[in-house]
Amino acid sequence: MRTASISRNTKETEIAVEVNLDGTGQYDIATGIGFLDHMIEQFSRHSMIDIACRIKGDLHVDQHHTAEDSAIAIGQAILKALGDKGGIMRYGSAYSPMDETLSRVALDISGRPYFVWKAGFTQERLGEMDTELFEHWFHSIADAIGLTLHIELLYGKNNHHVAESIYKGFARAMRQAVEIDPRKGGAIPSTKGILGG
């Protein structure tokens, strides 16, 4: 089983994360930000990556550190669980419809972080979460895992649907990318023999 745990304690947040890449989409999420919990739960369920994430953050300041550090810690745990990345599919992509909304997510577990975001929101908050933090969350997790990550909102009006469509698309793309390809025989999926060089 490809599992990992991360403990990350700073003056801004205290975080404990556990992941299982070969899970069934079970989750136990408590960030202190209700809408962020909901989105990470969607990511877990649709990626089939089991995630436990507990955070005590400085929410009396604002949500920035908690949101950012949740992405960093989850990303670090996923990277650790991937090991040398031998045998993985490496690439994943998904079109993700949700009612009137359609988003597209494509990613490569390349070891070379690169992030493209072509999406936006028409309101400042969803629940109590600042919508500007979604872009930052994805940028942070891409950096932590070492993803080339492209996210594009093709169209959509409802802000909740936009966020959920993107997280579900990211989840389905990650599910593809972390899957073990039996034809690869454990080989690193790169002609270089390493990912990230």
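Colleague: In which sense do strand β6 and strand β10 pair, and over how many bridges?
Modeller: Keep in mind that this is a predicted model. Strand β6, residues 101–108, pairs with strand β10, residues 148–155, in the antiparallel sense, over seven bridges.
Colleague: And what stands opposite A106 there?
Modeller: H150 in β10.
Colleague: What is the strand order in the open sheet?
Modeller: The order is β5-β6-β10-β7, four strands with mixed pairing. β5 (91–98) and β7 (114–118) are at the edges; each has a single partner strand, so one side of each has no neighbour in the sheet. From one strand to the next, the twist averages 10 degrees.
Colleague: Which strands does helix α3 touch?
Modeller: Helix α3, residues 132–145, packs on the sheet and touches β7 and β10. Its direction makes about 160 degrees with that of β7.
Colleague: What about α4, which strands does it lie across?
Modeller: α4 lies across β5, β6, β7 and β10, and runs at about 150 degrees to β5.
Colleague: Switching to helix packing: at what angle do α1 and α4 pack?
Modeller: About 35 degrees, with the axes of α1 (residues 34–47) and α4 (residues 159–178) 7 Å apart. The crossing of α1 and α4 is right-handed. By class, their contact has nine nonpolar, five polar and four charged residues.
Colleague: Is Q42 buried or exposed?
Modeller: Q42, in helix α1, counts as buried because its relative accessible area is 14%, under the 20% cut-off.
Colleague: What does Q42 touch, leaving out residues up to four places away in sequence?
Modeller: Q42 touches E164, K168 and A171.

Key. Residues numbered from 1 in each chain as written. Predicted model: local features only at pLDDT ≥ 70, side-chain atom pairs only at ≥ 80, totals over all residues. Heavy atoms only, no water. Axes fitted to C-alpha atoms, helices over the stretch in contact; angles between N-to-C directions. Helix = DSSP H or I, 4+ residues; strand = E, 2+ residues; numbered from the N terminus. Left-handed = near helix turned anticlockwise from the far one by under 90°. Nonpolar A, V, L, I, M, F, W, Y, C, P; charged D, E, K, R; others polar. Buried < 20%, exposed > 50% of the residue type's maximum accessible area, 1.4 Å probe, protein only. Contact = heavy atoms within 4.5 Å. Pairing = 2+ DSSP bridges.
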